[in-house]
Amino acid sequence: MRTLILAAAALASAPAAAQDHSGHAQDSAEPREQDAPEQDAGADHGAMDHGSMDHGTMDHGSMDHGSMDHGAMDHSGMDHGAMDPAMMDHGAMDHGAMDHGTMDHGAMDHGAMDHGTMGQDAMQHGAMDHGGMDHGTTDSGTMDHGAMDHSGHGAMADQPIDHSGMDHGTMDHSMMDHSAMEGMMDHSAMEGAPALPASGPPPRAFEGPAHAADVIYGSDAMLPARRQLASENGDFNGSMLMLERLEARVGKGEDAYLWDAQGWTGGDIDKLWIKTEGEGAFGSAVEDAEVQALWSHAIGPWFDLQAGVRYDIEPDSRGHAVLGVQGLAPYMFELDAAAFLSDRGDLTARVEGEYDQRITQRLILQPRAEISLAAQDIPEIGVGSGVSSVEVGLRLRYEIRREFAPYVGVGYSAKLGQTADFAREDGEDSDVLAALIGLRAWF
């Protein structure tokens with residue numbers, strides 16, 4: 001207080017604009033010979049050199065800041081970092097009269113300020129240069145936000161704040177109470193914010209006729225076209241004949257021939273399937289021959305369930321009931337498996353599989369395997385129980401056209417178990433290795 005009185009006395013001894021405030025830094029114990037006159041309320045603080053003043057020793061709480069024109073003061077020259085904000089009574093300051101836009105807030109130690117005593121209502125936050133503030137160094141933990149009078153922030157709504165200059169990356173957002181900010185910010189007004197798209201199709205999309213072409217061509221003309229479209233894309237009917245193998249086998253002993261063909265007619269879901277296969281030796285009668293007639297029903301996108309009848313022409317005429325599946329297994333293996341129950345109670349089965357490995361668009365290598373099984377011995381046709389025979393082959397075909405492809409290959413067939421014994425009793429070889437030459441075609 002004594003220092004303030006001495007400073008006031010110095011102000012009274014000279015015109016305000018010409019006063020030298022460097023004396024504020026003098027020792028507070030230096031005696032004065034005259035009493036301190038009343039502080040001049042009209043002193044021109046804008047002309048004072050506050051940069052050379054020692055504000056740390058001044059009692060700002062007793063000063064009447066309301067009468068000071070802070071807007072005219074050159075705050076850029078003041079060393080706010082050296083000021084002790086704890087000694088200032090900010091509650092008594094009229095912040096409304098201060099031009100915060102020209103203040104260098106970056107040099108202020110906001111952590112040491114008692115924001116609870118500041119009149120926030122009167123501050124023009126819109127005029128402040130927040131870009132110059134170093135929010136990263138502000139110790140938000142020392143601020144008593146509960147003591148601040150936030151009721152005046154409603155007046156800030158009309159004061160635009162330039163967020164582009166703020167370095168939000170250095171702010172410690174963990175100390176901020178974002179829940180209290182809800183509803184105060186208008187995020188839609190932020191620059192670059194995209195507009196929310198409308199959801200769902202417009203109402204006009206549901207207007208008009210069910211078939212737009214009827215408006216132009218008429219429903220009578222378009223009805224047959226729609227039926228044709230449904231027939232071609234859902235009610236398909238077609239037919240195909242596939243000659244899988246028509247080949248000659250050249251090996252030890254007699255040369256032989258073989259055929260394996262199948263064809264179908266019908267739609268995508270249901271078909272009539274005809275299959276036939278047989279073999280024999282050149283110059284001799286047919287040794288084995290059969291034909292099947294099956295109803296084929298799609299049970300999925302890859303497989304058909306097949307049921308029907310099979311009739312063996314050779315070596316012993318007999319009929320069979322057939323139940324099996326045919327289709328495309330994972331990894332593009334073609335599979336055909338069926339069980340047969342003869343009219344004499346004999347139960348047999350056969351599984352065939354093959355895979356087309358494309359070397360080029362026209363050159364295809366096809367491995368193939370076939371296994372035959374029987375639930376009991378059938379001596380009259382030379383078949384033993386268990387796995388009766390195995391046949392494997394490798395065929396390399398060249399598609400001159402997709403529908404016409406000659407091939408060469410090698411094949412091996414073996415009769416196993418009791419079936420091999422039956423073959424040897426008849427003077428036949430139980431296994432045969434042969435070179436293959438044949439034709440694959442479809443129509």
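The legends below describe several close-up views of one predicted model.

In this predicted model, local features need pLDDT of at least 70 and side-chain atom pairs count only at pLDDT 80 or more, whereas totals for chains, interfaces and linings use all residues. Residues are numbered from 1 along each chain as its sequence is written, and side-chain values use heavy atoms, with hydrogens and water left out.

**View 1. The largest cavity and the residues around it.**
Rolling a probe the size of a water molecule over the atoms shows where empty space is left. A cavity is defined on a 1 Å grid over the protein atoms alone, as a set of points where a 1.4 Å probe fits but cannot get out, and its lining residues have an atom within 4 Å of a point. Grid points are joined across faces, edges and corners, and a volume is the space filled by probe spheres set on the points. A search of the whole structure finds one cavity of 30 Å³ or more, and the volume of the largest cavity is about 40 Å³. Its lining is made up of Glu244, Arg245, Gln366, Arg395, Arg397, Tyr407 and Arg440. Strands (E, at least two residues) are DSSP runs numbered from the N terminus, and strand E1 (238-251) and strand E11 (386-398) each supply at least two residues of this lining. Five of the lining residues are charged, one is polar and one is nonpolar, where Asp, Glu, Lys and Arg count as charged, Ala, Val, Leu, Ile, Met, Phe, Trp, Tyr, Cys and Pro as nonpolar, and the others, Gly among them, as polar.

**View 2. Strands E4, E5 and E6 and the hairpins that join them.**
Two strands are said to pair if DSSP finds at least two bridges between them. Strand E4 (residues 286-298) and strand E5 (residues 303-314) run antiparallel and are joined by 10 bridges, with His297 having Leu305 in E5 as its bridge partner. The hairpin that joins E4 to E5 passes through four residues. On to the next pair, E5 and strand E6 (residues 318-329) are antiparallel over 10 bridges, and here Ala307 stands opposite Leu323 in E6. The hairpin from E5 to E6 passes through three residues. In the loop between E5 and E6 lies Pro315, and the peptide bond that joins Glu314 and Pro315 is cis, with an omega of about 5°.

**View 3. Phe303 and its surroundings.**
Phe303 has its place in strand E5, and with a relative accessible area of 22% this residue is partly exposed; buried means under 20%, exposed over 50%, and partly exposed in between (1.4 Å probe, protein chains only). Contact means heavy atoms within 4.5 Å, and, not counting residues up to four places away in sequence, Phe303 touches His297, Ala298, Val325, Gln326, Gly327, Leu328, Ala329 and Leu335. Although Phe303 and Leu328 are 25 residues apart along the chain, their C-alpha atoms are separated by 6.4 Å.

**View 4. Tyr331 and Met332 in the loop between E6 and E7.**
Tyr331 lies in the loop between E6 and strand E7 (333-342), and Met332 lies in this loop too. Tyr331 is not a glycine, yet its phi is positive, at about 65°, and Met332, also a residue other than glycine, has a positive phi near 70°. Tyr331 is exposed, with a relative accessible area of 72%, and Met332 counts as exposed at 52%.

**View 5. The largest nonpolar core, with Trp264 as one of its residues.**
A nonpolar core is a set of buried Ala, Val, Leu, Ile, Met, Phe, Trp, Tyr and Cys residues joined through side-chain atoms within 4.5 Å. The largest one has six residues, namely Trp264, Trp273, Leu294, Val322, Ala338 and Phe340. Leaving aside neighbours within four places in sequence, Trp264 is in contact with several residues, among them Phe236, Met240, Leu272 and Trp273.

**View 6. Strand E13 with its partners E1 and E12.**
Strand E13 (residues 431-442) runs antiparallel to E1, and eight bridges join these two strands; in this pair, Ala248 stands opposite Ile437 in E13. Strand E12 (residues 404-415) is also antiparallel to E13, joined by 11 bridges, and Pro406 stands opposite Leu439 in E13.

How values were computed
On a 1 Å grid over the protein atoms alone, a cavity is a set of points where a 1.4 Å probe fits but cannot get out, and a pocket is an open set with protein on both sides within 12 Å along at least five of seven lines; lining residues have an atom within 4 Å of a point.
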